[in-house]
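Subject: Handing over the structure

Hi there,

Here is the structure I promised to pass along. Please have a look at it before reading on.

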Amino acid sequence: MHVTSDETAHAVDLILARARERLLTDPPLGGTTKDSDLLEFASGALTEQGIGVQAALGIFADVLSPACVAADHPGYLSFIPAAPTKTATAFDMLVSASAVFGGFWRVGSGAIFAENQVLDWLAREFGLPPGAGGTFVQGGTQGNLSALVAARESARRSRARLGLSAPARWAIIASADAHSSVRSVARIMDVDVVPVRPSSTGALEAGSVREALDSTDVTVFAVVATAGSTNFGTVDDIASIAALKDEYTFWLHVDGAYGLAGMLSPVGRPLFAGVERADSLIVDPHKWLFAPFDACALIYRDPEEGRRAHTQRAEYLDAVTQTADWSAADYAVHLTRRARGLPLWFSLATHGAGAYRDAVTACIELAREIADEINLRPHLRLVRDPQLSIVVFERIGWTQDDYDSWAALQLSTGRALVTPSSHNSVPNLRLAIINPLTTRELLLELLDSMS
Ligand SMILES: *Cc1c(COP(=O)(O)O)cnc(C)c1O
């Protein structure tokens, strides 16, 4: 592209100045803009000649950006918000500027080394043995897919060693409350999911997993335990499920995309007993580990299992795959990858693990305080006691329409994004608290606005 260096410098300065401003000022909540309005105001950007940096940036700043909800706004309480540290986000820009190919050790050794340091730290926090490792993938869905593909490959090899042929159907056991990605991954893999009803607390327990293992006529290769369900933040009874490994052969995968970060907190830690027996696990730094989108840490107890399942072979790759080097591409369903673990590495190095423990603990404690406040208000009803940082409650007497109009008002006034949810077909509200900037005052204002 023919851009003079002066022009390039000008463009870079403008973009970095914008980014700096976005990082250092409180963002508006933002909202959703109608497609027709976006068409009117933002559809002329792509032309043969180019419109120039100023005009393009103007369209982004004036039209496109306000048409997105800021996931790091303290009032973003739906889905799972994002709350990256400023250092992590700023460093992510430097990672991009550094043009690191994070797939192969040969060309990305420094970046992969630092990412592996983070994975190693996480693995130790989760009680996995030395040698555990993996890679960072785009998100929890891809992490679950990569782990379960490795699990099936492992089961295939074990059966082959015993002289057994492949079964007619492979199956995964998971809670009926497991994340939608588990069912999606099963469809992609063309395997069955045996859904197991959780207990009344929402946690999957060993008794019902045992029944499923005993009664099913498909071949179970993996049990998925959820370490923090997305709807309630409920942690399955991982210790009792893991104990079944003494009697049955299966790969234990722990899906901790949202909740496993809670194990960093001394307050949350006891909930996660048994994680140390996982064969694989995931946790998303872009959820509750204060990293920017998009990153999922995928860790195998024995990384060789991941490598056997995922290494891509081709003549043009021999130079990088026929070595003992730790190439991140070998451990998941991916090849080209950005070094997306580096923002967490940098932020962790800067602030220290203690700051992470404190921030996670603060969210758990705030969720418990808000639950107490809900219990004090006669017109509100807690659906379940929060275990981690998700609070689900009902406004007694409200219809779906009441919830919808209340939520629309919160969004249009720029206060909060709280989208109505439901449990057993009864509408409710769900507050996902993972942003250290989300205050008790804001949450109390929301509760009080429902009286
Ligand atoms: C969010 C989530 C996922 C999916 O993660 P993505 O990063 O959105 O792909 C999987 N499992 C659980 C428990 C989650 O909360």
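First, some housekeeping. This is a predicted model, in which local features need pLDDT of at least 70 and side-chain atom pairs count only at pLDDT 80 or more, while totals for chains, interfaces and linings use all residues. Residues are numbered from 1 along each chain as its sequence is written, and side-chain values use heavy atoms, with hydrogens and water left out.

**The ligand site**

The ligand has 14 residues around it, and Gly140, Thr230, Asp255, Asp284 and Lys287 come nearest. (A residue is near a molecule or strand if one of its heavy atoms lies within 4 Å of it.) By class, the shell holds two nonpolar, nine polar and three charged residues. Here Ala, Val, Leu, Ile, Met, Phe, Trp, Tyr, Cys and Pro count as nonpolar, Asp, Glu, Lys and Arg as charged, and the others, Gly among them, as polar.

Helix 6 (140–161) gives the most to this shell, with three residues, and helix 10 (285–288) also supplies at least two. Helices (H or I, at least four residues) and strands (E, at least two) are DSSP runs, numbered from the N terminus.

Polar contacts are pairs of N or O atoms within 3.5 Å; within protein, one must be able to donate a hydrogen and the other to accept it, and residues adjacent in sequence count only if both atoms are side-chain atoms.

- Gly140 uses a backbone N or O atom, at 2.7 Å.
- Lys287 uses a side-chain N or O atom, at 2.9 Å.
- His286 uses a polar side-chain atom, at 3.1 Å.

The ligand taken alone exposes 380 Å², and the protein buries 88% of that (Shrake-Rupley method, 1.4 Å probe; for residues, only the protein chains shown count as cover).

Seven strands make an open, mixed sheet in the order 1-7-6-5-4-2-3, where two strands pair if DSSP finds at least two bridges between them. Strand 1 (133–137) and strand 3 (192–196) are the edges, each pairing on one side only. Neighbouring strands are turned by 20 degrees against each other on average, direction ignored. Axes are lines fitted to C-alpha atoms, for helices over the stretch in contact, and angles run from 0 to 180 degrees between N-to-C directions.

Helix 8 (residues 206–215) packs on this sheet, touching strand 2 (170–175), strand 3 and strand 4 (219–226); contact means heavy atoms within 4.5 Å. Strand 5 (251–255) and strand 6 (280–283) run parallel and are joined by three bridges, with Val254 opposite Leu281 in strand 6.

Four strands form an open antiparallel sheet in the order 8-9-11-10. Its edges are strand 8 (380–382) and strand 10 (421–423), and neighbouring strands are turned by 45 degrees on average, direction ignored. Arg381 stands opposite Glu394 in strand 9. Helix 14 (residues 353–376) lies across strand 8, strand 9 and strand 11 (426–432), at about 135 degrees to strand 8.

**Two backbone spots**

Most residues other than glycine have a negative phi, and most peptide bonds are trans. Asp190, in the loop between helix 7 (180–189) and strand 3, has a positive phi of about 55 degrees. A cis peptide bond joins Phe293 and Asp294, with omega about -5 degrees; Asp294 sits in the loop between helix 10 and strand 7 (296–300).

Happy browsing!
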